[in-house]
Amino acid sequence: MKINAFVWCFVALMTVAVSADDDLPPWMNDLNVLAADVMEGRETGSKGAQRSRDYLLKRYQQIGLSALPTLNDFTHPFTATKNDHVITGINMLGMLNANPGDGTAEPANRYIVVSAHYDHIGRSGRRIYNGADDNASGVAAMLYLATQSQQQQRQCHQVFLASDAEEHGLLGARAFVRAELINKAGIFVNLNLDMLSQPGGRREVLVSGNKSHPAFEQLISDIEFASTMPMIATDERSRVGRYPSNVDRRKVSDHAAFAEQGVPFLFLGVGRHTYYHTPRDTSSRVNQAFYAETVNVAWQYLQKLDALCGKSAD
């Protein structure tokens, strides 16, 4: 993706103005940028969405991610139709190749796809729907996971998908799966991060997908014990959280696009809260202590899934 000098300057200045705070952890710095007013709520097709992609491109390069071999760069443009309207979006994709470090000549052709949608619902007049929790929090956590994983040995390839048009019906994730930019049969699991920074009155993480693989329930239990964070498995429940609904959490975010194709998944989130889809979902309302815990939990999930992926390829 070509970015002119003006845009690069804009992104650099915006980053300094919004988020350059050495006292904050990296996930908060990234969240502050993605949820800033200048991003205008990151609505698909908007200037704010383009600014978000410019920032994600910069971060992918800083982390050291590579473009997928099937793409020319980090972007994956797509079009989809919803209610007779054509929607054009752009996913942002980067990857880390497996490096098991055990003398293996050719790592197993297995993939973990970590996903988090970067789009939100934009603005209405002067009111900006910043989407700090939904889902700047998931994208910022994903960037941290990529940073950490880049410094570790990896048993399987890891793909990092910042998807577009999730708010329109998971369109970006479905476009990714449909395009088969990687071997779909080789996807071991999708780890989807969507809304991680607001406990909504309860210190807990909602986990969906516990039934999608035989090993996942034990994996969830192990992480709950190690982190002391309560893990609420949601596959068998229709009403969870402080503000429950009858929505099936197996279908509410991008992981559903993978589940539809029979790919195992784990979805980490916090459920709906009073700021959900309102202009009050801003970075100033993030519960930073809780968010630090959920980011750490997400990192534990990726590490254990990578180990499990390596064993499955033996």
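Tutor: Helices (H or I, at least four residues) and strands (E, at least two) are DSSP runs, numbered from the N terminus. Bear in mind that this is a predicted model, where local features need pLDDT of at least 70 and side-chain atom pairs count only at pLDDT 80 or more, while totals for chains, interfaces and linings use all residues. Residues are numbered from 1 along each chain as its sequence is written, and side-chain values use heavy atoms, leaving out hydrogens and water.

H2 covers residues 26–34 and H4 residues 132–150; their axes are 8 Å apart and meet at about 135 degrees. Axes here are lines fitted to C-alpha atoms, for helices over the stretch in contact, and angles run from 0 to 180 degrees between N-to-C directions. That makes H2 oblique to H4 (under 35 degrees is roughly parallel, over 145 roughly antiparallel, 65 to 115 roughly perpendicular, and the rest oblique). On the H2 side, the contact (heavy atoms within 4.5 Å) includes Trp27 and Leu31, and on the H4 side Ala136 and Leu143 are among the residues involved.

Now for the sheet. It is open, has eight strands with mixed pairing, and runs in the order S1-S2-S6-S3-S7-S10-S8-S9; two strands pair if DSSP finds at least two bridges between them. The edges are S1 (75–82) and S9 (231–233), each pairing on one side only. S1 is antiparallel to S2 (residues 85–96), over eight bridges, and proline 77 stands opposite isoleucine 90 in S2.

S6 pairs with S2 in the antiparallel sense over five bridges, while seven bridges join it to S3, running parallel. Valine 159 in S6 is the bridge partner of methionine 95 and also of valine 113. Seven of the seven S6 residues are buried, so this strand is largely enclosed by the rest of the structure (buried means under 20% relative accessible area, exposed over 50%, partly exposed in between, with a 1.4 Å probe and protein chains only). His157, Val159, Leu161 and Ser163 point one way, with Gln158, Phe160 and Ala162 going the other.

Helices lie across S6 too. H8 (residues 288–312) lies across several strands, including S6 and S7, and runs at about 175 degrees to S7.
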